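The following paragraphs lead through one protein model, from its overall composition to a few individual residues. The conventions are stated where they are needed.

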Amino acid sequence: MYDRILFATDGSDHASTVAAHAIDIANTRDADLHVISVVDDRAFLVLDDDRVESVREELRAKALEAAEEAVTAATDAGVSTETIVDSGSPAECIVSYAEENDADLIVMGTSGDAYETNVVGSVSERVVRTAPVPVLTVGPETER
């Protein structure tokens, strides 16, 4: 049922807990784990042109670090992984990657941040509404 699991990470403190859930499912199902981290390029809209590239590189490095942490944990658990760092709207990138790579399940965290949910709009909420596959969301208070 689950051959390809997509784990979306943002590098937050909560991401390692979410990764543990994704890795456990992948390990139990003998599934491949695809790890995606997305640089939200909407932040660049308010920057001066001369700062865009330096900020983009800084955010890309953080995204890569977040993905590598999950890959290290998965590899240590014997789970086969693939990694992608993308840029754009996080929800759109996650859903597109899931569609293009025939993911069977998306695993991602929820921030529990009232500001993000009420003002900006939750990435996890958008993914749940638009994903073509089941989405497992792990809240910030969830422990493994």
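Of the 144 residues of the protein chain, 41% count as buried, where buried means under 20% relative accessible area, exposed over 50% and partly exposed in between (1.4 Å probe, protein chains only). This is a predicted model, in which local features need pLDDT of at least 70 and side-chain atom pairs count only at pLDDT 80 or more, while totals for chains, interfaces and linings use all residues. Residues are numbered from 1 along each chain as its sequence is written, and side-chain values use heavy atoms, with hydrogens and water left out.

The accessible surface of the protein chain amounts to about 8100 Å², and 45% of this belongs to carbon and sulfur atoms; such areas come from the Shrake-Rupley method with a 1.4 Å probe, and for residues only the protein chains shown count as cover.

The chain contains 5 helices and 5 strands. Here helices (H or I, at least four residues) and strands (E, at least two) are DSSP runs, numbered from the N terminus. In order from the N terminus, the elements run β-α-β-α-β-α-β-α-α-β. Among contacts (heavy atoms within 4.5 Å) between residues at least 6 apart in sequence, 78% join residues at least 24 apart.

An α-helix has 3.6 residues a turn, so residues three or four places apart point the same way.

After α3 comes Asp102, in the loop between α3 and β4. Asp102 is not a glycine, yet its phi is positive, near 50 degrees. With a relative accessible area of 48%, Asp102 is partly exposed.

A positive phi also occurs at Asp30, a residue other than glycine, with a value of about 55 degrees. Asp30 lies in the loop between α1 (15-29) and β2, and it counts as exposed because its relative accessibility is 71%.

Asp30 also belongs to a surface patch of negative charge, in which it gathers with Asp3, Asp32 and Glu82. Patches are made of residues with over 30% relative accessible area and no salt bridge, like charges being joined within 9 Å. A salt bridge is a side-chain nitrogen of Lys or Arg within 4 Å of a carboxyl oxygen of Asp or Glu. Glu82 lies in strand β3 (residues 81-88) and, at 42% relative accessibility, counts as partly exposed.

Terms used
Patch = residues over 30% accessible without salt bridge, like charges linked within 9 Å, V, L, I, M, F, W, Y side chains within 5 Å. Lys, Arg positive; Asp, Glu negative; His and termini not counted. Charge placed at Lys NZ, Arg CZ, Asp CG, Glu CD.
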